[in-house]
Structure formats: C-alpha cells, structure tokens
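Please keep the view below open while reading.

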Amino acid sequence: MSAVDPVILPLVSAEQRKQARSVGFTLVVLGIVAAFVLGNRPGDAGFKLVDSYIFVIPAQPFARILALVLIALGAAQLLKGFGKWTNVILSIAAATFVISFLAWAASGGSFSLTGMLQDTVTRSVPIILGAIAGILCERSGIINIAIEGQLLGSAFAGAVAGSIAGPWVGIIAAVAMGVGLSAILAVFSIRYRVDQVIVGFAINFFALGLTSFLAARVLTDHPEYNILSPLRPIAVPLLSDIPVIGVVLFTQTLFVYFAYLAVGVATWSLYHTKWGLRTRAIGEYPKAAGTLGVDVIKLRYRNVLIAGAVAGVGGAWWPIGMVGRFDQNITNGRGFIALAAVIFGRWKPLGALSAALVFGLAEAIQLKMSNLDTGIPSEFLLMAPYLVTLVVVAGFVGRSRGPKAAGQPYDAQ
Amino acid sequence: MQLELRGITKRFPGVIANDNVNLTLKTGEVLCLIGENGAGKSTLMNVLYGMYKADEGQIVLDGAPVVFTSPGDAIAAGIGMVHQHFMLVPVFTVAENVVLGVEPTGRFGSLDIDKAREMVREVSDRYNLNLDPDAIIEDLPVGVQQRVEIVKVLLRDAKVVVFDEPTAVLTPKEIIEFFEIVKTLIAAGRGVVFITHKLKEALNVADRIAVLRRGQVVGEVDPKTATESQIAEMMVGRPVQLIVDKKLQAPGEVVLEVRDLSVVDADGRTMVESVSFSVRAGEVVGIAGVQGNGQTELVDALTGLRHSARGSVALDGVDITGASPRERHAKGIAHVPEDRQRQGLVGGLSVAENLVLTRYHDEEFSHGIVMDWPAAHSVAENLIAEYDIRTPSADIEASTLSGGNQQKVIVARELSRPLRLSIAAQPTRGVDVGSIEYIHSRIIKERDTGTAVLIVSTELDEVMALSDRLLVMYRGKIVADLDPKVTSAMDVGLYMAGSRPASAVNA
Amino acid sequence: MKIVVTLRKLADRIARTSSFRITLLAVMSAMVVGAFIIILSDIDKLQNGDILGAIKTVGSAYWALVVGSFGSLRAISATINSATPLILCGVSVAVAFKAGLFNIGATGQMLAGGMAALWVGFSMDGPGFIQVPLAVLAGAVGGAAYGAIPGILKARTGAHEVITTIMLNNMAGFLVLWLLKTNVFQRADRTDPISKLVSASGHLPRLFGFLGDRPDLVAHAGFVVAILAVIVYWWFLNRSTAGFEFRSFGMNADAAQYAGMNTKRLTVMAMMFAGAFAGLAGSAEVLGTYGYASQNFAGNIGFDAIAIALLGRSTPLGTLLAALLFGALQAGGRQMQANTDVPIDLIVVLRALIVMFIAAPLLIKAIWRIKVAPTSLGQTFRGWGS
C-alpha cells in the first residue's frame with residue numbers, strides 16, 4: 001500500500017481524453033472561423049423581433065469578440081478541461097456562433113427573427129413526430145428505419161384523401177397509411193423474424209416506389225386528386241398575445257400543438273405508467289419481462305402500430321399542414337433526420353424535441369439565407385440540414401447506448 | 001403441495017434435452033438437481049416454468065394434471081424461478097423490477113411507485129433480505145441482485161422456488177448467507193429445488209439429490225450417505241479424477257512484472273487500482289475473486305485490449321505497457337479469453353480458420369497480401385489430432401462445436417507455440433467435466449516447461465488447486481498474496497468478500 | 001470445353017440450392033402483387049368498368065418487361081448497360097456488409113467517382129489506351145475518398161454509418177449540382193447544370209462495336225470492368241489476408257480485436273473499398289453510357305445496391321446474379337413504360353417486394369406451401385453504439 005497517494009487529477013480513460021481534446025479543437029476552429037470569415041463584414045444586422053422593435057447587432061465587433069472568447073475557451077479546454085460543464089459550454093458556444101453567423105449574413109439589413117423562429121417550430125413538426133414514432137418502436141425493441149417510408153406514404157394518402165374529402169379525412173387516411181406500413185414492419189420483424197433493418201429499408205423502397213408510381217400514373221392525369229387548402233394557423237387565446245413567444249409558439253397550426261401534446265404524453269407515459277414500465281422492460285430485457293408473464297409480442301405489436309399512427313400525422317403535415325399537395329419524394333430524407341434525432345435525444349422524447357428544433361432551425365436559416373444576399377451558393381444552403389445532422393451525429397453522439405434489446409427478435413420458445 | 005413431473009420429454013433439433021424424466025417435488029424439502037453443463041437441468045426447469053412446452057409427458061400438481069402455456073400460468077400456480085442469469089433489467093430500480101407484471105396502478109394506468117416501494121419493503125423485511133427499493137440494479141453487487149430475484153418470487157406467493165445455479169457468482173460468505181435464506185424458506189413451508197453442478201454444495205444442503213446425465217435421470221442419491229466421487233461418476237458415466245496431479249517446482253526468473261497498474265473504464269470508474277505483482281517462469285499465479293472486481297479489466301490491460309490509465313507492465317524486463325495485442329502476442333504472450341464466443345472465436349468461420357485466427361499474419365500462413373490456406377489447413381489438421389478436438393472436419397463452422405471443444409480450439413491455438421507467459425481467464429467456464437480434466441493438465445504442462453502462467457478464475461476450487469501462489473482481487477485491488485497449500489478456502493473466501501480472517505488482522 | 005463443363009456445374013449448383021428457389025418464388029410473388037397494383041391503379045379503366053382491359057394492361061406490361069430485357073440484341077445490350085452500375089454498387093455494399101458495415105452511401109460515392117472520372121475525361125485528349133484506364137481509375141479513387149469519410153467518422157467518433165452515409169448522399173447531390181454550374185465543369189454554351197463532354201478518345205469502347213451497322217447497341221466496356229470487379233472481390237474475400245480480416249471483423253468485432261486486428265483501420269479500409277467500387281460505377285456511367293454528367297446521374301442506386309447485396313447474400317456470384325436481375329427489370333421497365341402507360345416506378349415497387357419476400361422465407365413457405373429450410377439473410381445490424 002502506498003503511503004501517500006500521488007494522484008492529483010482523477011484518472012480518466014483514453015477515450016475521455018480524446019473526446020476532451022476534440023472539443024477543445026472544435027472551439028478553437030470555431031473561433032478562427034469567426035475571426036476570419038464572420039468578422040469581415042462591416043455593418044449592423046437587424047434582428048426584427050416585433051414590428052416596433054429591432055434588435056441590432058454590429059456584425060464585425062460581435063464576431064471579433066466572439067472569436068477571442070472561443071479561442072480562449074478552446075485553449076482552456078485543451079489545457080484543463082471543463083469536466084461536467086463541457087456540454088453546456090459547447091452548446092452556448094455553438095449558439096453564439098450561430099447568432100454571429102446570422103449577424104454576418106444580415107449585416108447591412110435586417111430580417112425577421114420572430115419569423116425565423118416561427119418557421120423553426122413549424123418545420124420541426126414532422127421530425128418530432130417521426131422521432132416519437134422511432135422512440136416508441138425502439139424502446140419496445142424494434143428498430144424502425146422505415147420512418148421515411150411511413151412519412152412519405154402518409155403524406156401521399158393525406159394529400160389524395162384530403163383533396164377528395166377535406167383535410168380531416170386526409171389526416172385520418174394518413175394515420176391509416178402510417179398504421180398500415182407499421183403493420184408490415186411489425187409482422188415481418190416479429191412474426192417472421194426478418195432483420196428489422198432490412199424490412200425497414202424494404203418499406204422505404206416500397207413507399208417511394210408506390211407513391212411515385214401512383215403520382216405519375218394517377219395524379220398527373222387527375223390533378224384534382226392532389227390539391228387542397230392546408231390548415232390555417234390557430235392563435236391560442238391569451239397566450240398568443242405574448243410578444244415574440246406568442247407568435248412563435250402559440251400561433252401555429254394544429255399540427256404543432258399536436259406535436260407538443262405528443263411529446264408531453266410520450267414522456268409522461270413512458271416514465272409514469274404501467275404501460276411505460278413494461279415498454280421499457282421489453283426494450284431492455286424482454287426475457288425478464290417474459291418470465292414475469294408480460295406478453296412481449298402483443299405489447300410490441302401494439303406499440304409499433306401506435307408509432308405508425310403518430311408517424312401518419314407527421315406525414316400528413318406536408319400536404320395538410322404546409323403545401324397543400326404531394327410531390328414525388330416530398331420527404332427527401334426527413335425520416336432519417338428523425339432517426340438521428342432519436343439517437344441524439346438518447347431515446348427520450350424531450351431530447352428528440354431539442355434535436356428536431358436544431359434541425360428545424362437549420363432549415364429555417366436556410367430559407368432566410370436564400371432571401372438575403374450572402375454570396376453562398378444555394379446548393380450549400382440546401383445542404384445545411386444534412387451537414388448539421390452529420391456534425392451532430394459525429395460530434396455529440398458518437399457512442400450512445402440505445403435500448404439493449406433493440407434489433408433482436410424475441411425468442412419465446 | 002406436491003408437484004410431479006411425469007415422463008417429460010423435450011426435443012430440440014439434433015438433440016433430446018429431456019428424455020422421459022420423472023421427478024417429484026414436495027414443499028418443506030430441498031431437492032437438488034445435479035448434472036454437467038448440457039445435461040438438461042435448465043431445460044427441465046424451463047418446461048416446469050412454462051417457458052417451454054414439453055413434447056411428451058405431463059406436469060401433475062397435487063394429483064391433477066396442469067398445463068402451463070406461459071410463465072404467467074406457472075406463477076399463478078405457485079412456482080417461482082430464480083434464473084442463473086438474473087432476469088433483472090439493469091437500468092431499472094429494485095422496486096421497478098420486482099413489480100414488473102403485477103404493477104400497482106393509479107388513475108389512467110399511472111404507476112403507483114410508492115405502493116411498489118412499500119410492497120418491496122414488506123417482503124424484504126419479513127424474510128430479512130434488507131433491500132433498498134430505489135437502488136439501481138446495475139449498481140448492486142451480485143449477492144444483493146439475487147436477493148431481489150428472491151423477493152420477486154416471494155411477492156408472487158411462490159410455494160416452490162427453483163434456483164438455477166444460484167451460487168455460481170457468490171463469495172463463500174454470500175453462499176453461506178444464501179443457504180440460510182433457503183433454510184428460512186423451508187421453515188416458512190416452501191419447497192426448494194436447486195440446480196447445480198457443484199458436488200460439495202449439493203451434499204451440504206439437499207434433502208434429496210437427483211442426478212441428470214444426457215437428458216435422463218440416472219438415479220437419486222441420499223446426501224447423508226453419498227460421496228463426491230460417486231456423484232461425479234454418475235454425472236459423467238465414468239470415474240473422474242477430481243484433483244489434478246502437480247509436482248512441486250522451484251520457479252525461475254521473473255517474466256511478468258506489473259507495477260502500480262490502474263485501469264479506468266469508459267464511464268470514468270476506476271476498475272483496477274494500483275495493482276502490482278509478478279509472475280515467474282515455471283510458476284502458476286492464480287487470481288481469485290468474485291466476478292466483477294476488476295479481473296476482466298486487469299486481463300484486458302495485460303493483453304493490450306485496454307489502455308491503462310497509469311502504471312506499467314513489463315515482460316522479461318522490457319516495458320510493454322503501450323504495446324498492441326499483436327505485439328504482445330509476438331513477444332510470446334498467450335491469452336485464453338474468458339468469453340470464448342465473444343472474444344476467442346469467430347463462430348461463422350471454420351475450425352481451421354479459427355485455429356489460425358491469431359497467427360494468420362505470420363510468414364507461415366500469409367505471404368504479403370495473399371493467404372496460404374493449404375499451409376493453414378495442414379497445421380489445423382495437426383492441432384485437431386494433437387489436442388483431441390472432436391469435430392467431423394476442419395471446415396465446418398466453429399459455432400457447431402460443443403463448449404468444451406471450442407475451448408480446446410482456443411487452447412490448441414494459443415498453447416501450441418513457444419511462450420513466455422500464458423494468461424488464462426475462466427479456462428473451464430461452461431466446459432464439461434471430461435474437458436476440464438484435459439485443460440487443467442495442459443495448464444500444468446505449460447508451467448512444467450518453464451512458461452509463466454497466470455490464471456484468473458472465479459471457481460475457488462480450481463484456482464486453489466492449480467496455483468503455486470494465490471492473489472485475491474477485491475474492488476480492483478489485490479488484497480492478499482497467499483500460499484494455497486497452507487491457506488484454507490474459508491480464509492480465501494473472506495478476502496474475496498473484502499474482509500480478513502481473524503488470524504491476519506494483527507499482521 | 002472445360003469452360004462449358006464449369007458453367008454447367010455452376011448452373012446445376014445454382015438451381016439446386018433452395019435459396020435459388022426462394023428467389024424465384026419471391027420474384028413470382030412480387031409480380032403477382034405488382035399485377036394487382038397495376039390493375040387497381042388503372043383508375044380510368046376501372047371507372048369505366050373495363051376490368052378486362054385493366055387485366056390486359058398487366059399482360060402487355062409484363063410482356064414488355066421480358067421483351068425489353070432479353071427479347072432482342074438491343075434489349076440485351078440495354079440490360080448489360082443497366083446492370084453494369086448495379087453490379088459495381090452491389091459489390092460495394094456487399095464488401096461493406098462482409099466487414100460488418102452498412103454502406104448506404106453508394107449513391108454519393110458513385111457521384112464522387114463519376115465527377116473524378118469526368119474531369120479526367122474532358123481534361124485529357126487521348127491517347128485512348130492511357131486516358132480510359134486513367135479516367136476509370138480516377139473514378140475508383142474519387143469513390144474511395146468519399147467512402148473514407150464515413151469510415152473515418154465511425155472509427156474516430158463512433159458515428160453510425162447508416163446516418164452518416166445517408167447525409168453524405170444528399171450532400172453529394174448538392175455538391176455535384178453546384179460543381180456542374182461552375183466554370184470548370186459546366187459546358188460552355190449551357191446555363192443548365194450539365195457538364196463538358198468527355199473527349200472522344202476518353203469513352204469506354206462499345207462491346208458490340210464490331211457489328212458496324214448497329215449504333216443502337218449501347219453496351220460498353222464498363223460491363224467488363226464490372227465483371228472484373230466481381231472476380232477481384234471474390235479473390236479478395238477468399239484468398240487475401242485483408243479479406244480474412246474483413247470476414248472475421250464482420251462476423252465478430254470483439255474476436256477480431258482480440259486477434260490483434262486493427263479494427264479502426266479495418267473500418268476505414270472497408271469503407272474505402274466500398275467507395276472505390278461505387279466510384280467505378282460512376283466511371284462506367286460517365287465514360288460509357290452518357291459521355292457527360294448531369295444532375296443526379298446516380299439516381300437512387302444506393303438503395304438498389306442494398307437490395308442486390310441482400311438478395312445475393314453479399315457473395316460474389318449472388319451479387320452478380322441479383323444485379324443482372326435488377327438490370328433486366330430496369331431495361332424491361334423502360335420498354336414497359338414506352339409500350340403501355342405503366343410508369344417505370346413500378347420497378348421500384350417490384351424490387352421492394354422481392355426484397356421483402358426474399359427476407360422472409362417463412363412467408364414464402366406459407367404462401368406457396370413448400371418445404372423451405374429457413375435461410376435467413378442474417379443480422380446486418382449491430383446496434384447504434386459501437
């Protein structure tokens with residue numbers, strides 16, 4: 001036994017040391033970008049909150065100060081490390097960097113910040129609902145790669161049924177389609193033990209092929225089956241009068257309110273009900289639940305079908321909540337972004353919500369940027385949500401552990 | 001209550017797991033089912049518990065035949081089972097695990113967690129099991145986890161409790177506590193069935209012993225009159241040598257020198273703390289300890305599979321702390337891993353491919369980027385013959401071999417070349433008695449040829465019999481360095497549990 | 001003569017294995033479902049009560065499929081051309097699967113390779129025997145570089161390749177679109193995103209060029225590259241040291257690590273190999289089929305490649321045959337769209353159905369009531385963490 005314990009710093013594993021270093025480098029790199037790119041536009045940027053109030057940020061000084069702070073933080077991280085505070089510092093740094101970027105883009109003019117935030121909330125809806133569908137499935141032990149196909153199929157069903165019989169029927173049709181595609185996932189993966197990723201992909205091809213096929217065969221000749229007026233935003237009495245937040249959060253379509261509700265209900269159910277306990281059990285250790293008499297198979301079927309319904313509403317957002325029609329491949333990868341949100345949010349509804357908002361923000365910024373003259377080619381702006389997803393998955397997520405039993409067929413016998 | 005199994009037969013593709021088994025269980029007594037791995041004990045109990053459906057035969061409860069279609073039915077009939085691998089969700093609390101399936105609910109199906117806590121406390125206090133309902137399972141020591149399983153079973157009012165290999169992961173002290181619990185259960189009018197392969201325990205605790213071999217009941221013995229060798233012979237079908245022959249030998253120079261080694265896992269927990277020891281040529285050093293006290297991480301660090309946070313490892317005086325597994329292998333270190341299916345073999349590859357798994361990059365088997373399969377094949381054939389690996393051909397998938405033969409593949413691969421240091425972790429886990437004999441004799445042979453041997457095992461008997469020197473690990477530290485010839489198993493057990501024998505307190 | 005014997009033995013072995021039977025039945029089941037879809041989507045005929053007409057459409061559609069894929073030398077030529085990129089991308093996904101990785105990024109890797117090959121193609125002007133191989137090789141290099149990205153991300157950060165490759169696919173599409181509008185790549189007299197033409201000496205030679213009077217036979221030497229790729233893949237997997245490492249790592253990453261294999265290096269290497277094969281597909285399309293590049297010249301090939309690798313169980317021969325099947329469907333599909341008014345998207349549906357039916361032998365058994373040994377496609381997924 002050693003007489004004096006020479007250890008001053010707590011022991012850290014090699015992985016932790018490597019991660020800490022990459023955080024430090026990231027901060028320094030952000031700082032350098034801020035200094036040389038964001039800092040070369042003089043002029044003031046106006047962030048319009050309400051018609052009467054425009055918040056002005058001088059782009060250049062802001063960027064320069066930010067650069068200094070980021071490099072300092074980066075150096076501090078490399079030398080000592082922030083320990084518990086690392087994620088908080090990183091998030092604040094990222095947020096401030098985004099503000100500086102907006103200031104740079106808008107310098108010499110102004111843009112509606114409130115509008116952009118409102119867009120963020122709207123555009124994150126299909127991702128939130130897709131993510132909740134994904135969480136429900138994965139928590140029960142079924143991997144759902146088919147979110148993309150579910151969203152796409154439901155969008156089609158919603159558009160066609162909605163054009164024929166009105167938006168409410170459209171939503172019901174979309175939900176039915178979501179449930180139907182989920183049923184395929186459930187039957188193939190639970191009863192026929194097919195690899196869940198393969199079924200998921202097959203459903204995606206199938207949905208893409210079928211919707212494109214029907215769009216080409218039926219909708220081009222019958223455009224009356226593909227036009228409807230989307231739902232209008234509804235202002236929540238009282239709450240929508242709050243400046244800024246009232247517009248951003250409480251003057252939205254029913255889809256947004258449904259998304260909030262879904263997040264709330266999912267969180268409460270998962271952690272405070274009998275159903276939630278059993279669901280989490282069958283996702284982590286189905287055999288344990290099985291030995292206690294829980295009907296693992298039935299519960300898995302039920303949860304996958306409910307998830308399909310939620311995804312159905314998410315798919316309906318395109319025709320009924322946004323554009324009033326269906327176009328081939330209208331979802332264009334949002335289902336996979338929803339999947340990334342599930343992982344980023346560590347399979348918790350609230351976590352996925354924050355991820356979805358980040359992606360929604362990326363899209364909203366991209367929209368705004370195409371209206372401002374920034375000199376960035378439009379293709380790079382369109383890449384933004386995908387690049388953000390990539391960076392987030394690579395930087396923040398890395399080694400995350402999902403429900404242990406996800407992906408393995410349940411062996412009762 | 002009297003429970004009878006009549007003519008139970010259960011078949012799986014290619015094997016008859018249970019063959020016309022007849023057994024009677026009564027409340028108020030302890031029945032022990034003993035047999036080797038693969039004898040059919042667990043399958044039988046799974047049939048009883050409703051997890052499997054018997055192909056033939058029936059279960060008779062108090063004279064009337066019953067059919068269990070799921071564990072729910074068995075539970076309702078009063079049968080409780082504590083599985084060998086605990087059926088506990090690691091990320092849930094004790095209360096959550098205990099009430100799963102019989103949850104107390106409030107409005108809208110909400111979980112009444114306070115009532116659940118109360119229910120756990122009530123049963124735990126009644127049987128003196130001392131459980132904290134809010135503790136998280138993965139943070140609890142294994143002995144406590146077992147008590148959670150017992151509370152689960154008692155909460156559902158089990159009349160017959162079946163334990164599958166209950167003492168496999170307990171310290172000697174915990175084993176004694178476990179048997180006290182069994183006595184309490186009997187006194188409270190329950191029946192206990194206890195599946196094991198450990199002869200000593202069966203003789204200590206059982207009122208009746210039934211021996212299974214290859215799916216059949218080969219006989220029942222009375223523990224008051226039976227001997228260990230008698231039972232072992234019934235288990236295997238031939239006389240078995242239980243103690244390995246070992247001559248005394250003077251150890252040579254120091255081969256492995258470990259100094260102040262510390263290992264931290266990915267979550268920042270210190271698993272191995274300032275461990276120092278050495279192993280000499282021609283010496284077997286054993287590390288005893290309950291699973292989960294850092295042995296796995298220590299072996300990982302010694303073999304290069306994990307980085308150490310501090311400290312050094314030297315082989316023949318040369319520092320190898322930063323060396324990769326391949327470099328260590330090249331320097332003459334062999335590693336027989338504790339989890340043969342996860343680490344030691346690639347199940348989908350053939351036996352021949354597995355036999356060159358750690359040496360394929362040698363000149364002998366590969367020339368630059370091309371593999372020399374004919375050469376590999378002939379070496380494989382030789383090894384199969386020399387180590388008596390039972391396989392129809394060298395080209396079938398390794399996953400089809402039995403546990404014992406898979407272990408022989410690994411032993412053949414690792415020990416068939418000149419070595420300086422041999423590290424074997426849990427060398428006979430899940431291996432049949434016949435192969436155990438063989439593997440023990442090979443380990444001693446290695447030591448006799450002058451190799452330094454390090455054995456890590458949770459089987460106290462094994463590690464005491466094989467070692468020349470015995471170290472004990474507890475909570476990541478080496479807490480004792482003993483001579484197994486003069487130390488009692490009881491004392492070693494105390495060290496394993498973190499305490500000290502009275503005789504050592506003053507030292 | 002020996003070749004004939006070997007081929008016959010091969011055919012025998014294919015026909016006997018139950019997986020061939022399953023594939024056949026799966027294709028048939030898919031066609032049946034496809035028939036229903038064609039009938040039920042024929043709104044006009046159904047509204048007029050013309051059920052017989054709707055059914056006749058199925059007949060002409062499927063007949064067109066057959067004729068368009070094998071019915072004439074021109075059809076065979078079209079099938080060869082469709083199959084070429086599918087073979088290469090199928091091998092791309094297959095080699096990644098063997099190493100335990102899920103490469104969805106064949107689309108992006110093909111785009112990257114294609115652009116590289118394109119650049120060599122219009123920057124040089126002969127001689128052909130140097131330019132063509134150089135350009136083809138450039139495609140492989142471009143694809144390998146793009147494939148290295150998700151490989152490195154996985155090795156260093158643990159980011160799962162399912163998500164990163166999909167994101168990189170989308171990003172590649174936008175990058176190509178942007179590049180096609182820059183001065184370097186864009187054709188001088190055009191404002192739409194279309195590239196400069198590959199110089200005449202840089203094209204892959206036509207396979208049927210010796211039939212001087214058939215300019216409509218467009219099959220090109222890219223097919224030869226594809227076949228060579230399959231042979232290289234076979235040799236690599238079964239005879240090379242690295243192939244052994246891939247197979248071990250793919251089946252059991254822990255054991256591979258124990259055996260001293262550098263798992264991080266293997267991950268990157270596997271993705272680079274996969275990228276290289278897909279990049280060759282890009283070379284083939286740009287230098288052979290088109291002679292230039294336009295937006296989205298890779299289409300959605302990444303997903304088709306996955307289906308092909310799954311159908312072929314990631315084996316060299318299986319992947320080749322599956323790719324030929326898909327190529328035939330594609331060539332036939334174009335004929336079908338031309339002859340009837342059934343859109344080519346039906347082919348995508350058929351492919352999805354085939355994959356689903358192949359993946360569930362038990363389902364086939366239930367439908368067709370035959371004895372089938374459950375040959376599973378295995379677990380492709382190893383969990384989100386690494």
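Predicted model: local features only at pLDDT ≥ 70, side-chain atom pairs only at ≥ 80, totals over all residues.

The questions and answers below move from conventions to domains, helices and a sheet.

Visitor: How far apart do the C-alpha centres of domain 1 and domain 2 of chain A lie?
Guide: The domain bounds come from an automatic or database domain assignment. It gives domain 1 (14–108) and domain 2 (117–397) of chain A. The C-alpha centres of these domains of chain A are separated by 31 Å.

Visitor: How many residues of helix α11 of chain A are buried?
Guide: Helices (H or I, at least four residues) and strands (E, at least two) are DSSP runs, numbered from the N terminus. A residue is buried if 20 or more other C-beta atoms, placed from the backbone, lie within 10 Å of its own. Among the buried residues of α11(A) are A:Leu277 and A:Ile282. Helix α11 (residues 274–284) of chain A is mostly covered, the buried share of its 11 residues being nine.

Visitor: At roughly what angle do the axes of helices α6 and α7 of chain C cross?
Guide: Two packed helices are described by the angle between their axes and the distance between the axes. Here axes are lines fitted to C-alpha atoms, for helices over the stretch in contact (C-beta atoms, placed from the backbone, within 7 Å), and angles run from 0 to 180 degrees between N-to-C directions. The axes of α6 (residues 106–123) and α7 (residues 128–157) of chain C come within 7 Å and cross at roughly 145°.

Visitor: Which strands stand at the edges of the six-strand open sheet of chain B?
Guide: Strands pair if DSSP finds at least two bridges between them. The order in chain B is β16-β19-β20-β13-β21-β22, with mixed pairing. One side of each edge strand is left without a neighbour in the sheet, because each has a single partner strand; these are β16 (333–336) and β22 (477–482) of chain B.

Visitor: Which residue in β20(B) is the bridge partner of B:Ala424?
Guide: Strands β19 (residues 421–425) and β20 (residues 452–457) of chain B pair in the parallel sense over five bridges. In β20(B), the partner of B:Ala424 is B:Ile455.

Technical notes:
Residues numbered from 1 in each chain as written. Chains lettered and ligands numbered in written order. Buried ≥ 20, exposed ≤ 12 C-beta atoms within 10 Å, placed from the backbone.
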